[in-house]
Amino acid sequence: MKESYSVITYDHNHQERWQFLIRNMKSSASNTEIVNPNFDAEAEYVPVGSASICSITTPPLSGERNKEQIAENNKQCFGLTFITSGRMHLNQHGRQTVIKSGEIVLTDSDAVSSFSFEELTHSLSLSLPGPLVHSYLPQAEIFCNRVLSAGQGYTNSLKELFFSISNNSSRNLTGPIGHATIKAALDLMVASFAIIHPLQPARKSKVQTHLDGIFAYIEEHLADIELTPESIADAFGFSTRYLRKIFATEKVCISKYIQHRRLDKCAEQLANEAWNGHSISKICFFWGFNSSSHFSRTFKLYYGITPTEYRNRLH
């Protein structure tokens, strides 16, 4: 969904409409059932590059996300959430955490979770496509629900970036500026996790080492029409069977992962004004698609609208 919402307040008489809004934000709380029926809330959603930022003000409420709700949406996304005031209780990936004012947390839409706000809370949340996050942080799930505290790592710089995005929400952030902004946010997030929650290199398994190399190889060769599971297996000296076996730990098969990353790259260029003079066919062929009709079908299946509609909405 790539439409902008102005700030709208919903009271308990508009609970159904509020839930519809949450579902369509594609945030880590999408398809979440609101447990507390009596609440007033305020939300603003703005596209930023291939992601989006959502500003939410909520009074005390609680919610949960179960396996059935997760199954309704097969597109994983991550929420990088900054609590500007109040606090949030979150239970996800087996960790119970309290995120206080000034702290940042990464959440996963594919994880069973529960959350609650026990006081009036305001947050800014970047909703980031799963494949994009994994290209920066292959083991992203390990870092979910691990708090980035104020004053540690690059958290303060990341907070300033959140405020800057929010303050510039009236500008068109779907083009080059938006994509550069999301890249900066991901770079700061990765650097902060590396400092605050470093992984022990000795604990990395052989399979994970192979996966890290595969992810990097895919990013480097996305525009190559010859990029296939077979060509990747040959490049690493694996059998195709072994490649598919180690990739089975991921959320999608390797062919789908490549396709999704190519779709993300195409969407970035469709949103980039510098590419306005290039046809949709030229863009999709550049990123390894060999049929414009096949590209249009898969793009609509992935984003819910055609490439032409996507481009027209952003310009």
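The model is a predicted one. C253 has a relative accessibility of 44% and therefore counts as partly exposed, because that class lies between the limits for buried, under 20%, and exposed, over 50%. A disulfide is a covalent bond between the sulfur atoms of two cysteines. How many disulfides does the count come to? With a cut-off of 2.5 Å between cysteine sulfur atoms, the count is 0 disulfides.

Next comes a pair of strands. Strand β7 covers residues 87–92 and strand β8 covers residues 95–100. The two strands pair in the antiparallel sense, over 6 bridges. Q92 has R95 of β8 as its bridge partner. The hairpin of β7 and β8 has 2 residues between the strands, and H93 takes a positive phi near 55° there.

The last part concerns two helices. Two packed helices are described by the angle between their axes and the distance between the axes. Helix α9 spans residues 240–247 and helix α10 spans residues 254–271. Their packing angle is about 70°, and their axes are 9 Å apart. The helices α9 and α10 are therefore roughly perpendicular to each other, because angles of 65 to 115 degrees count as such. On the α9 side, the contact is made by L243, R244 and F247, and on the α10 side by I254, S255 and Y257. By type, the residues of this contact of α9 with α10 are 4 nonpolar, 1 polar and 1 charged.

How values were computed
Residues numbered from 1 in each chain as written. Predicted model: local features only at pLDDT ≥ 70, side-chain atom pairs only at ≥ 80, totals over all residues. Heavy atoms only, no water. Buried < 20%, exposed > 50% of the residue type's maximum accessible area, 1.4 Å probe, protein only. Axes fitted to C-alpha atoms, helices over the stretch in contact; angles between N-to-C directions. Helix = DSSP H or I, 4+ residues; strand = E, 2+ residues; numbered from the N terminus. Parallel < 35°, antiparallel > 145°, perpendicular 65-115°, else oblique. Contact = heavy atoms within 4.5 Å. Nonpolar A, V, L, I, M, F, W, Y, C, P; charged D, E, K, R; others polar. Pairing = 2+ DSSP bridges.
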